[in-house]
Structures are given as C-alpha cells and as structure tokens.
Amino acid sequence: MADDYLRRTAITRPTLTDEQKQLLDTTINEWQTACNISSQIGWEHGETRKTYLQDLAYDEIQEETRLRSQHAVLATHQAAAALSGVEELDEEYKTSRPEFTAETVKYDTRTLTLFDDGTVSLATVDDRIRCDLALPDDKDGYQYQYLNDEDWELTESTLTRRDGEYYLHLGFRKPKPEKQVEQQGDDEDRTVLGVDLGIVNIATTSTAYFASGRELRHRHREFERIRSSLQQTGTQSAHRTIQQMSGRESRYVRDVLHRVANDIIEEAVAHDCEYIAFENLKHIRERAPPVKEFHQWAHRQLVDLVEYKAEEEGICTEYVDPENTSRRCPECGHTSEGNRVRQAKFECGKCGAAANADYVGAKNVGWRYVRRGLQSSRRTGDSQLALKSGTVTPNRGFVPSD
C-alpha cells in the first residue's frame, strides 16, 4: 500500500550522565535479548505478523528481560519485520533466523517525549530519564526544520550506541502535499526548470544557477592520492586511517550536495516551476569513462536529494534523454559537434549564438521536457522553460518576468 506520508530522520545526540548511560546500556542489552526471543519464537512458529507474534512472545519477554511493557511490544514488532524480510527472499536463497546484535533500541511516542525546551525523555528498564539534546547553536541547523514545525509529527525513532557515543535518530512524518500538477487542469501553463549535470559545474540550471564542482574535485583527488599511498603501506593503522578519511570525505560530499539540492529547489520555487527536468542518469553511466565514477555517484546522490526535497514542495522531478544536449543550439536548433568550441564554451556554427556550455545544456534539458509535454493530446496550455529573467514558450517566445 502506498505511503501517504513524507518521512524524514533528524539525527542528534543526547547529553547524558554516567548513570543515564548505564541505564541506556542495560536497556539496549535487554532489547537485543527481547528481539532475539521474539525472532526465535516467530521462526519456530512460522509467524511474521506482528500482532500474532506479540501474543506468542510477550509473556516470555516479560519473564526473561527487564523491559517495560511498551518496549516488549516494540521488540516483537521489530522481530516480525525482520522475519517478514527473510520470508520475502527468493526460495533459492538459503536463509537463517534473524539475529539482533546491533547496539540499538527502538522508541515510539509512548516511550520517547520531545519537549519545547530542547530536552527529551526516554524510557529505560528503570525510570524514565530526561536529558538535553545536543542541537546546533545555529538556528538554521537542519534538525530545527522538524523540531520547530508543527506539521512534522514525531514517529518511531532509534537510539544507537557507537564507540561509546549515543545518537538519537528521530523519525518524523507529515502528509504528502498534493502535487502542483495535480492541482492544475490540463489547460494551465506549466513551468519547467532544466538542470545540467557536469564535472566543472556539478549542476547548472536554466535560470543560470551554477554549482561549482571545483572543491569537490580537489578534495576527491587529494583523498585518492593519500589513499593510494596508504594502501601501499598496507598496515592495519593505514587501513584504519583510510576508513576514517573515507568517512570524512563522504560527510563533506553529502553536506555539499545537500546545499546544492537546496539551491536547486530554491530556484524552482522562485521561478514558480512545477517540474524539474534532469538528464537520465542511465545515459550518463553508459557514456562516462570509469575515471568519472565518483562524479556519477555524486550526480546520483544529488538527484535523489532533489527528488525528495522537491516532493515536499509538490514539484515533480522528470528525466529526459541527454543525447546532444551539449551540441544543440537552444536558439536555432542546429546540432553539431563543432558547436562545443571547448569544455566551457558553446558557439553555434549556424546562428552564432554563444554561451556557457553547461548553461546551454541546462536549457536543452528543460526544452526537451517542454517539447515532450507538447506531444500530449490532453494538454491545451503552454509548457514553458524557466530562464533567469523570464520564461520562454514554443508558441509565445520569450516572456520577461515582472
């Protein structure tokens, strides 16, 4: 059944005393035991339905662990979900009973309470504990968009212990907005934002927003150089250093891509776009050499981020074939390899139009989706491409913004 909610996770850290840590450690250990008891019982009975497994395992969990009632219930539900995943595997695969070893424990709204003063109350095997959340001093920190917005409802969350540190993965949800294109009739104009994905500029929009990829390339080259040197060393210490560096690089790239995705959404909202058009990433993988695997991965991550951020705004994300988008003149339609004078420069050999090559690519990506809309027999309105200073339509040409 389709999920009618947007779901997000905000990660933060609880500030704990030594006594509170001990209580949480015990709760995590008892949670593992309860999940494994439920898993064993469900495996033996062939039961994967959570309410039925709850009836089968609840009493034994209460006898064998110190978990409070609601956490005992949640443990049976966790085991049922794991058993269902095993059940869905193809019969040709040899599967075994799920075992729970992760240092985590689930919480719901009965076992976790958030307060407006930035504190949280957590159920344990003993009394509930209340502690501060380590939130950013900057009120623009991403957690606040969920904590301070009443539209976001707290749902199931997870406490994790890792290397002696504790992290809260707070789950939130809110109803999905009705997409703008569903709100409009077929006779309404629809505006498209075209996006070109590249290497020098990781993303460029038809509204002339450029996201430079220079720093990403520099960081990645440095990481590859150091990793190669450490791999030649071959020691355990070198291996640990590579893992630590890889984690730092991944976090840096993720942060950069989040900011770029936010900027693309801002461009779409500012220009009243109902669609964001990307080039189909399948074609990028087919035409790009292996040396560009990092950029292919970054592009995939960026598109995924834009997709879910666009969904919150009711904006649709679409894809087009990118063939010749870097060679076609968006002004006259002339297509030639010679139009791409050099990496950053486009100059049409027929009409003489010249522009940044990535910007031309973004306009062509957007145009391709606009033309696709014109082919629909149901459409009576004009699709239009968003530009920096207005829009352009096949029928009316350029229309300046107010």
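Reply: Happy to! Keep in mind that this is a predicted model. Let's start with A208, which is partly exposed because its relative accessible area is 28%.

Me: Where does A208 sit?

Reply: A208 is in the loop between β10 (201–205) and β11 (210–212). A208 also has a positive phi of about 70°, although it is not a glycine.

Me: Why point out the phi?

Reply: Most residues other than glycine have a negative phi.

Me: OK, and what about D272, what is its phi?

Reply: D272 has a positive phi of about 55°, and it is not a glycine. You'll find D272 in the loop between α7 and β12 (275–279).

Me: Is D272 buried or exposed?

Reply: D272 is exposed, because its relative accessible area is 55%.

Me: New topic: charges. Which residues form the positive surface patch?

Reply: That patch is made by R162, R248, R251 and R254. Helix α7 (residues 236–270) provides the largest share of it, three residues.

Me: Where is R254, and how accessible is it?

Reply: R254 lies in helix α7. R254 counts as partly exposed because its relative accessibility is 44%.

Me: And which residues gather in the patch of negative charge?

Reply: On the surface, E44, D59, E60, E63 and E64 gather in that patch. Helix α2 (residues 50–64) gives the most, with four residues.

Me: Which helix is E44 in?

Reply: E44 is in helix α1 (residues 18–45). With a relative accessible area of 55%, E44 is exposed.

Me: Are Y146 and W152 buried or exposed?

Reply: Y146 counts as buried, at 5% relative accessibility. W152 counts as buried too, at 7%. Ring pairs link Y146 and W152 with F172 into a cluster.

Me: How do the rings of F278 and Y319 pair?

Reply: The F278 and Y319 rings have centres 6.3 Å apart and planes at 25°, so that pair is stacked. F278 belongs to strand β12 and Y319 to strand β13 (residues 316–320), so the pair ties together parts that are 41 residues apart in sequence.

Definitions and conventions. Residues are numbered from 1 along each chain as its sequence is written. This is a predicted model: local features need pLDDT of at least 70, side-chain atom pairs count only at pLDDT 80 or more; totals for chains, interfaces and linings use all residues. Side-chain values use heavy atoms; hydrogens and water are left out. Patches are made of residues with over 30% relative accessible area and no salt bridge: like charges are joined within 9 Å, nonpolar side chains (Val, Leu, Ile, Met, Phe, Trp, Tyr) within 5 Å. Accessible areas come from the Shrake-Rupley method with a 1.4 Å probe; for residues, only the protein chains shown count as cover. A salt bridge is a side-chain nitrogen of Lys or Arg within 4 Å of a carboxyl oxygen of Asp or Glu. Lys and Arg count as positive and Asp and Glu as negative; His and the chain ends are not counted. The place of a charge is taken as NZ of Lys, CZ of Arg, CG of Asp or CD of Glu. Helices (H or I, at least four residues) and strands (E, at least two) are DSSP runs, numbered from the N terminus. Buried means under 20% relative accessible area, exposed over 50%, partly exposed in between (1.4 Å probe, protein chains only). Rings of Phe, Tyr and Trp (its six-membered ring) pair if their centres lie within 6.5 Å; planes under 30 degrees apart count as stacked, over 60 as edge-to-face and the rest as tilted.
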